[in-house]
Amino acid sequence: APPVILSASAAGHVSGSNTQVTVRLLRIQMTPALLVNPNQSSNLQIVLSDPAPTGGVTIFLASSNPSIATVVASATIPAGSTQVSAAVTGVAAGNATITATAAGYPDTTAAIQVQNVNLSIVPGAATFFAGSAYARSVTLVMNVNAVQGGQLVNLSSSDTNIATVPSSVTIPAGAAAVGFVVTGVGPGSAT
């Protein structure tokens with residue numbers, strides 16, 4: 001938004017100076033949705049619109065249904081920083097809403113879906129030749145559709161001297177699969 005110009009005047013006085021004022025609304029942004037397995041945890045990312053002031057900002061968190069999902073009671077963003085993560089733990093299958101509140105900021109929410117999520121790679125086994133010219137696409141499949149914002153999945157190779165994969169992929173919101181490339185590096189077997 002453009003800055004606002006403030007002026008002051010009074011009858012019988014000469015006008016002084018104008019002052020330019022810019023107003024920024026402080027806000028909290030949070031991962032919009034999260035998919036969590038029962039008895040497992042995942043992190044919500046909480047981001048402030050501006051760096052936290054001296055003393056930091058404590059974000060208080062609450063679950064609409066603790067019998068479905070629990071969340072840490074609070075997370076503090078240190079002075080000068082803009083983000084922190086907060087653990088959400090799935091308790092039982094269902095849906096819950098996590099609400100984040102902090103003094104001077106409007107509340108924000110995240111939709112939590114707790115259910116058993118299974119991942120598989122198709123094909124389950126394959127032969128690769130060494131070299132980037134022989135890299136091969138595979139598909140990561142999830143048994144449910146990804147939530148709003150997509151589902152980040154971390155990948156790793158059991159032996160990067162044999163095969164490499166990207167460090168992570170994101171299954172787009174509403175989708176249940178995403179492709180990625182496996183590159184053969186040397187002889188052997190890796191998972």
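**Whole chain**

Colour by secondary structure: the protein contains 17 strands and zero helices, where helices (H or I, at least four residues) and strands (E, at least two) are DSSP runs numbered from the N terminus. This is a predicted model in which local features need pLDDT of at least 70 and side-chain atom pairs count only at pLDDT 80 or more, while totals for chains, interfaces and linings use all residues. Residues are numbered from 1 along each chain as its sequence is written, and side-chain values use heavy atoms, with hydrogens and water left out.

Next, display the surface. Its accessible area is about 11000 Å², 53% of which belongs to carbon and sulfur atoms, as computed by the Shrake-Rupley method with a 1.4 Å probe, only the protein chains shown counting as cover for residues.

**Nonpolar cores**

Select L44, I46, L48, I59, L61, V88 and I112, the residues with the most contacts inside the largest nonpolar core, which has 27 residues. Such a core is a set of buried Ala, Val, Leu, Ile, Met, Phe, Trp, Tyr and Cys residues joined through side-chain atoms within 4.5 Å. Apart from it lies another core of 17 residues, including A33, V138, M142 and L155.

**L61 and T108**

Centre on L61. Beyond four places in sequence, its contacts (heavy atoms within 4.5 Å) include M30, I46, V71 and A100. Then select T108 in strand β11, residues 105-114. T108 counts as buried because its relative accessibility is 17%. Leaving out residues up to four places away in sequence, T108 touches I28, M30, I98, T99 and A100.

Conventions: Buried < 20%, exposed > 50% of the residue type's maximum accessible area, 1.4 Å probe, protein only.
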